[in-house]
Amino acid sequence: MKIRLLAAGLCLGLAATTSHAQQETLKIGALVTLSGAGAAWGQGMQHAAELAADDVNAEGGLEVGGKRYKVEVIPYDDKYQANEAVTVANRLVFEDKVKYIIGPVGSAPVLAIQPITEKNGVIVMTLGFTPKALGPDKPYTFRPNVTTAEVSQPQIDWVVATRGIKKVGALFPNDETGQAIARDLKEAYGKAGAELAATEFFERDRVDFVPLLTRIMARRVDAIELDGNSPATAGLLVKQARELGFDGAIIRTGGPATQDIINVAGKDAAEGLLVHTPIDPSLPSTAAYIEKYDKKYKRAMNGFSPSFYDATHLLFEAMRRAGTVEDTDRVRQELEKISGFKGALGEVSWTGKDRYGTDHQLDAPFYVAEVKDGKEVIRARCTSAGCK
Amino acid sequence: MDFLLLLGQALVNGVVVGMLYLLMAVGFTLVFGVMRVVNFAHAEFYMLGAFGTYLLVTQWQVPFLASVLVTFALALCLGWVVEWLVLKPFRHDELNGMIATIGLAMILQNGALMIFGPDPQSMPAVVRGVTFVGDLVIPNSRLYVVMFSLAVLAALWVFLRHSRTGRSIRAVVEDLEVASAYGIRARLVYPLGFGIGVGLAAIAGGLMAPLFSVSPFIGTAPMLKAFIVVIVGGLGSIPGAALAGLLLGIAESFAGTFLSSSTAEILIFALVIAMLVVRPSGLLGRPD
């Protein structure tokens, strides 16, 4: 009797372990900035991937090609540095053996890791703003967030027209991202009829901007542009500009950062700030995501987060359609074909062929908002065609 | 902007920033003077000072100045313990002492990262608005810091000049052997000197927390500036640090306002290199 019980117990135990082994793990790498100035963006992206993973895991796993996969997000910090990103990418691709990466945040890091990821067929969903990140020679890289190239002209046209701005000053970090954005903005303001008259570059870690702001204010600018700066830096810029007595408009044409700016600069200094926001909290799908994020992480999410939630779900959908998680070439092809996908941002499709040579840029609506009493109030709705 | 006005504004900005640098550097040079140890963990005590003040003000609603003083006391005790536990074997071993402080810095920074996370936290401003001196603008928050640092420096000066403990610290800095012969107990002076040095770093951190944000990484940049100030002023010399701090602040402000930010950075380091070549012991340091 005892032996039979023991044998039965052993069989059950073995059965349990083997059935566990049945469910495989799908690893998604989150190669994002988790420390330093860009941490707000990186965290938003990591949590977005985790929430998408939670969604499918709650249903018993991602079902692809008849098998169920438990999705696991593996996060690493690239500190917004290209060399760190390369180290981490090597780890993800060769040690952790991931084939899908959410991130990196920065332009310099994404350009640095592409030789590894493109060569090894690793699909990358990056935030990096540089136009060089996408191209027909980089079939595995996609970008789920709109960048300065997409949003700046429509927004700047609207802001210059409605606020009558003539001369603008701007500060940028002295790296690939900052320089790319500086070029884009100079062109955009020029086309809108204003002038980007004063431009300052600084090292990314800097916290004291008083001499630079003094210099810019000496040129008598009507507005200060904050695009390209990390949320924490933007907050310090707003705070120090207002402390120096700048009372012109402060504009941020891209890169959601409002919550951090208010945290650092205070509600009074942030009052009247004109910001780009990629999300409309009144949209039911977006509101649902915001609530989900708040419930799990108990902190305000960064505005880029929904893009990466949708990006992860797009990846899952592409895997389902391709019937495989291993063959990233097939997954990539299915991913490109997805159109009219209903995500947290609303309905999204791929675009970008005109600008980048390949449709790997997600086309999503965006908005110009004014900060009033610590909250964003949407003033204009935009697509790449224009704002109203 | 009127050129004279711009010049004046740059000067004012420079003096204000120079005082901030001085506050950071004075503790660093004191530790070197007392213990001949280059304390690479100075930055992390600055950071801990900022966190301490931030927590006291936001979690327990302690008034700002009281928070800074409490943080100073806590940092002094922590410094004492650290010196006694970690640095005692290295009291006469400069190189290994330096390496030990590098390790200490990493432990403190990553410990803070684990406890507080990487996000910059923002402290509510202590004072708002600006003061006008003619047409020149000085943000009140910075004025506050400058005044308080002057008070701290005055207190330090009185302590070192006129108190018995202060004089024993100075005696040890001048000549350890003779000081010991006079009965000054190095066992007490070393931890005290270290404690006060890092306590000053903590005060600097606490005072500057409302100005800039609070995160585990805020120590690195001021540390670099403190290093420059101390090297240019002379390792171990507090008046040297004062002079160098003001010079650095003003030079940086002028270069940043009239040239570009990158040029300003190059200029600062070029000056340091020039100083090291021409006068390696610094402006007011002792040739060693």
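The following passage describes the fold of two chains and the contact between them. The model is predicted, so that local features require pLDDT of at least 70 and side-chain atom pairs count only at pLDDT 80 or more, while totals for chains, interfaces and linings use all residues. Residues are numbered from 1 along each chain as its sequence is written, and chains are lettered from A, with ligands numbered from 1, in the order in which they are written.

Chain A contains 14 helices and 17 strands (DSSP runs, numbered from the N terminus: helices H or I of at least four residues, strands E of at least two). With a radius of gyration of 23 Å, close to the 21 Å given by the globule rule for 388 residues, chain A is as compact as a globular protein of that length (radius over C-alpha atoms; rule, 2.2 Å times the number of residues to the power 0.38). Buried residues account for 55% of the 388 residues of chain A (buried: 20 or more other C-beta atoms within 10 Å of the residue's own, with C-beta atoms placed from the backbone).

Chain B comprises 11 helices and 2 strands, arranged along the sequence as α-α-α-α-β-β-α-α-α-α-α-α-α. In chain B, 50% of the 288 residues count as buried.

The contact between the chains takes 27 residues from chain A and 27 residues from chain B (C-beta atoms, placed from the backbone, within 7 Å). Elements of chain A that each supply at least two residues to the side touching chain B include helix H2 (39-58) and strand S8 (195-202). The largest share of that side, 6 residues, comes from H7(A).

Notes. Buried ≥ 20, exposed ≤ 12 C-beta atoms within 10 Å, placed from the backbone. Contact = placed C-beta atoms within 7 Å.
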